[in-house]
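Dear colleague,

Please read the notes with the coordinates open beside them.

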Amino acid sequence: MNQEDVKFRFEVVEVSEIENGYQISVNVQIRWLKEKVYEGQVNVVMNPIGIFPSPADLAKASPYKGVRGKLGAELKRYIKIQKKFIPELAN
């Protein structure tokens with residue numbers, strides 16, 4: 001699976017406040033050459049130190065190490081853009 005051919009789509013599903021941060025559930029869709037290869041949720045923890053996607057959820061999303069790395073980086077980038085809206089979405 002070539003990394004350049006992989007596309008991601010993200011949608012924040014649920015945000016809950018935890019001690020010193022937020023637990024965010026993100027619906028992730030992975031497409032390879034316009035074919036959907038994965039759809040599911042990935043949990044992300046956001047705190048003052050940084051944004052941390054769950055390694056177990058990333059491993060479930062793809063068996064390919066390169067795609068997992070790219071997914072983690074793109075997911076962090078997506079949450080960073082949404083950062084100012086996350087407190088409003090918290091339950």
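**Strand pairing and helix packing**

Strands β1 and β2 run antiparallel and are joined by twelve bridges; please keep in mind throughout that this is a predicted model. Within this pairing, Phe10 has Val28 in β2 as its bridge partner. The two strands form a hairpin with two residues between them, and Asn20, which lies in the turn, has a positive phi of about 65 degrees.

The pairing of β2 with β3 is likewise antiparallel and extends over eleven bridges, with Ile30 standing opposite Tyr38 in β3. Here too the strands form a hairpin with two residues between them, in which Leu33 takes a positive phi near 50 degrees.

Strand β3, which covers residues 35–46, is joined to β4 by three bridges, and these two strands run antiparallel; in this part of the sheet, Val44 stands opposite Pro53 in β4.

Taken together, the four strands form an open sheet in the order β1-β2-β3-β4, with antiparallel pairing. Because β1 (6–18) and β4 (51–53) stand at the edges and have a single partner strand each, one side of each is left without a neighbour in the sheet. From one strand to the next, the twist averages 25 degrees.

Helix α2, formed by residues 65–82, packs on this sheet and touches β1, β2 (21–32), β3 and β4, while its direction makes about 55 degrees with that of β1.

Terms used: Residues are numbered from 1 along each chain as its sequence is written. This is a predicted model: local features need pLDDT of at least 70, side-chain atom pairs count only at pLDDT 80 or more; totals for chains, interfaces and linings use all residues. Side-chain values use heavy atoms; hydrogens and water are left out. Two strands pair if DSSP finds at least two bridges between them. Axes are lines fitted to C-alpha atoms, for helices over the stretch in contact, and angles run from 0 to 180 degrees between N-to-C directions. Contact means heavy atoms within 4.5 Å.
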